[in-house]
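Here's a guided walk through one protein model, piece by piece. Keep the 3D view open and find each part as you go.

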Amino acid sequence: MIDLHGPMLTDEELELFQEQGYVRLGKVAPGEEIDALCGRMDDIMLGKIRYDRMLMQLCPSAGKPELSKQTKAFKESSLKYRKIQDLEQDALFLAYMQHPLFRDITRKIIGEQVSIFRAMFFNKPANQGVMINWHQDGAGGWGLSIRPKVTIWTALDATCVANACLQIIPGSHKTKIPEKGDQLSPEERAIHAPDEKRIYLEVEKGEVVLLHNWTLHRSEVNTIDRPRRAFSVCYIDAATTQLSTGRSFPRVFPEYVPLEDMATIR
Ligand SMILES: O=C(O)CCC(=O)C(=O)O
């Protein structure tokens with residue numbers, strides 16, 4: 001019997017989050033629930049379960065550039081997807097995202113009314129995947145009216161250096177790095193992400209990491225013969241809008257309001 005994290009974020013964990021921009025929370029859900037999420041992802045990737053408006057991208061490393069664009073459409077039956085977003089539409093994923101601990105975390109850091117910027121499956125297929133270099137999430141490029149702070153990242157597979165575990169720079173969330181593109185320039189990297197500050201987050205399957213959105217992170221290519229999968233959810237204040245369009249985002253707390261119904265409650 002493994003110990004699961006209780007339904008409340010402790011004061012010490014909250015302090016760690018504020019100080020270092022990340023906290024390892026251990027396991028939150030039983031192994032069977034994580035296995036069920038993995039099985040559901042396989043069904044979605046293989047096209048056994050389909051949703052109309054799910055953003056999907058086949059991994060560029062699969063060698064099919066025509067299917068590696070991010071669009072809201074099923075691409076092909078394959079376990080080589082890189083990203084699948086909008087997973088709040090799936091009841092299993094929605095239930096996981098609404099876990100009481102995540103309710104408590106978002107209440108303490110964001111407030112009562114909470115939406116999601118994205119609920120994303122992130123996959124590095126066996127012996128493949130793409131390297132993502134140092135970046136912050138949403139420091140400027142996402143164009144949101146309220147700054148995002150909370151990402152909850154769940155390992156769907158155990159991670160290690162060889163299968164491209166998440167790498168982070170503790171404390172980097174305290175500095176907003178001007179965005180010129182998606183990723184840091186070599187000069188910014190030398191200042192903000194020197195090698196000696198890097199931590200490799202090697203975690204067990206099912207482990208959860210609470211990340212501040214501005215915590216610098218990167219990941220490599222997967223060099224082992226099994227996929228490295230993760231589920232990453234960015235929770236935001238439900239009053240947040242996209243600056244360019246004025247659109248809001250699906251709400252998950254206090255209860256789920258899908259994107260198409262958000263206009264009716266504003
Ligand atoms: O899971 C990973 O390797 C990184 C994900 C990532 O970079 C992101 O969510 O912004």
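## Around the ligand

Let's start with the shell of residues around the ligand: four of them are nonpolar, three are polar and one is charged. Keep in mind that this is a predicted model. The residues that surround the ligand are Phe122, Ile132, Asp137, Leu166, His217, Ser219, Ala230 and Ser232. Strand S10 (217-219) and S11 are the elements that give two or more residues to this shell.

## Helix H2 and its buried face

Now find helix H2, which runs over residues 31-45. From its first C-alpha to its last, this 15-residue helix reaches 21 Å, close to the 21 Å expected at 1.5 Å a residue. Which residues of H2 are buried? They are Ile34, Leu37, Met41, Ile44 and Met45. Look down the axis of H2 and you'll see these buried residues fall within an arc of 95 degrees, so they line one face of the helix. The general rule is handy here: an α-helix has 3.6 residues a turn, so residues three or four places apart point the same way.

What do the buried residues of H2 pack against? Their partners are strand S3 (81-85), helix H3 (91-97), strand S4 (114-124) and strand S11 (228-237). After H2 comes Gly47, with a positive phi near 80 degrees.

## Helix H4

Helix H4 covers residues 100-109, and its buried residues are Phe102, Ile105 and Thr106. Around the axis they take up an arc of only 90 degrees, which puts them on the same side of H4. The cover over these buried residues of H4 includes H3, S4, strand S6 (150-155), strand S9 (207-212), S11 and strand S12 (251-253).

H4, too, is followed by a glycine: Gly111 has a positive phi, near 145 degrees.

## Strand S6, closed in

How many residues of S6 are buried? Six of the six are, so S6 is largely enclosed by the rest of the structure. Val150, Ile152 and Thr154 point one way from the strand, while Thr151, Trp153 and Ala155 point the other way, and all are buried.

S6 also has strand partners. With S9 it pairs in the antiparallel sense over five bridges, and Thr151 has Leu211 in S9 as its bridge partner. With S11, S6 pairs in the antiparallel sense over six bridges. Two spots to look for there: Val150 has Tyr235 in S11 as its bridge partner, and Thr154 stands opposite Phe231 in S11.

Is S11 mostly covered or mostly open? Mostly covered: 10 of its 10 residues are buried. S4 pairs with S11 in the antiparallel sense over 10 bridges. Within that pairing, Ile116 has Tyr235 in S11 as its bridge partner.

Finish in the loop between S11 and S12, where you'll find Ala238. This residue is buried, with 24 other C-beta atoms within 10 Å. If you set aside its neighbours within four places in sequence, Ala238 is in contact with Gln113, Val114, Ser115 and Arg251. For a sense of scale, pick out Ala238 and Lys69: they are 169 residues apart in sequence and 29 Å apart in space, C-alpha to C-alpha.

How values were computed. Residues numbered from 1 in each chain as written. Predicted model: local features only at pLDDT ≥ 70, side-chain atom pairs only at ≥ 80, totals over all residues. Helix = DSSP H or I, 4+ residues; strand = E, 2+ residues; numbered from the N terminus. Expected span 1.5 Å × (residues − 1). Buried ≥ 20, exposed ≤ 12 C-beta atoms within 10 Å, placed from the backbone. Arc of directions from axis to C-beta. Contact = placed C-beta atoms within 7 Å. Pairing = 2+ DSSP bridges. Near = placed C-beta within 6 Å. Nonpolar A, V, L, I, M, F, W, Y, C, P; charged D, E, K, R; others polar.
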